[in-house]
Amino acid sequence: MNYEESVKKLEEIVSKLEEGNISLEESLKLYEEGTLLSENCRKMLSEAKLKITNINEVAENG
């Protein structure tokens, strides 16, 4: 799943949790899924930042 798909899925999860009309079990399942998606997004952003930093360093030195 790419970044945009992950964010969209995360937004859907947040919306379901905010509605509040789901069971505790389902809420916990969605919370866990959302936490994993959030961590995945953070990693993708970190990798993108590193890539941009590397590109800028090459441009400055090369």
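Here is a short tour, from the whole chain down to one residue.

This is a predicted model, in which local features need pLDDT of at least 70, side-chain atom pairs count only at pLDDT 80 or more, and totals for chains, interfaces and linings use all residues. Numbering runs from 1 along each chain as its sequence is written, and side-chain values use heavy atoms, with hydrogens and water left out.

Start with everything selected. The protein chain has 2 helices and 0 strands (DSSP runs, H or I of at least four residues for helices, E of at least two for strands, numbered from the N terminus). Its radius of gyration is 17 Å, well over the 11 Å that the globule rule gives for 62 residues, so the chain is more spread out than a compact globule (taken over C-alpha atoms; the rule is 2.2 Å times the number of residues to the power 0.38). Along the principal axes, the C-alpha atoms fill a box of roughly 55 × 15 × 15 Å.

Next, select residues 3–19, helix H1. Step back to Asn2, which caps the N-terminal end of H1 with a side-chain oxygen 3.1 Å from the backbone nitrogen of Glu4. After H1 comes Gly20, with a positive phi near 75 degrees.

Finally, pick Ser6 in H1. Is Ser6 buried or exposed? Ser6 is buried, at 0% relative accessible area (buried means under 20%, exposed over 50%, partly exposed in between, with a 1.4 Å probe and protein chains only). Leaving out residues up to four places away in sequence, Ser6 touches Met1, Leu37, Asn40, Cys41 and Met44 (contact means heavy atoms within 4.5 Å).

Notes: Polar contact = N/O pair within 3.5 Å; in protein donor to acceptor, adjacent residues only side chain to side chain.
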